Amino acid sequence: MGLGYTRELLASNPDVRVVAGVRNPSNAQLLDALAAEPANKGRVHIIAWDVDHEDKVRDSARELEASAFVKESGIDTLIVNAGVFVGGHKPPAEM
């Protein structure tokens, strides 16, 4: 879901820039490929973001704050799209 949302945001306007937080950036090959597309060069900042560990979230927020990617314009919108599937299929209404 997050990759698709990132793709749509980037396609929506050439001025849109996205900070994409992922648990393990080294396993984000599809996100890397999206960020490497010519139209997206310099518009995607990938950062490690693991919502299961408060200290890691804090560290990632500090890293992002210090980066040049958000220095000038800041962050307009934050969407945290995180979840963990803990087994067994259930319809959404039962979750």
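**View A. Ser67, in the stretch after helix 3.** Let's start with Ser67, which sits in the segment that follows helix 3. This is a predicted model, and in it Ser67 counts as buried because its relative accessibility is 12%, with the cut-off for buried being under 20%. A polar atom of the Ser67 side chain lies 2.8 Å from the backbone oxygen of Leu64.

**View B. Asp50 meets Arg23.** The structure has three salt bridges, and one of them joins the side chains of Asp50 and Arg23, at 3.8 Å from N to O. This pair ties together distant parts of the chain, 27 residues apart: Asp50 is in the loop between strand 2 and helix 3, and Arg23 is in the loop between strand 1 and helix 2. Asp50 is buried, at 13% relative accessibility, while Arg23 is partly exposed, at 45%.

View C. Glu54 is exposed at 60%, and Arg58 is partly exposed at 38%. Asp59 also forms a salt bridge, with Arg62, at 3.4 Å between the closest N and O atoms. Those two are three residues apart in helix 3, so about one helical turn separates them.

**View D. Two strands side by side.** Strand 1 (residues 18–22) and strand 2 (residues 44–48) run parallel, joined by five bridges. Val19 has His45 as its bridge partner in strand 2. To get from strand 1 to strand 2, the chain passes through helix 2 (residues 29–36), making a right-handed β-α-β crossover.

Notes
Residues numbered from 1 in each chain as written. Predicted model: local features only at pLDDT ≥ 70, side-chain atom pairs only at ≥ 80, totals over all residues. Heavy atoms only, no water. Pairing = 2+ DSSP bridges. Helix = DSSP H or I, 4+ residues; strand = E, 2+ residues; numbered from the N terminus. Right-handed = clockwise from strand over helix to strand, strands pointing away. Buried < 20%, exposed > 50% of the residue type's maximum accessible area, 1.4 Å probe, protein only. Polar contact = N/O pair within 3.5 Å; in protein donor to acceptor, adjacent residues only side chain to side chain. Salt bridge = Lys/Arg side-chain N within 4 Å of Asp/Glu carboxyl O.
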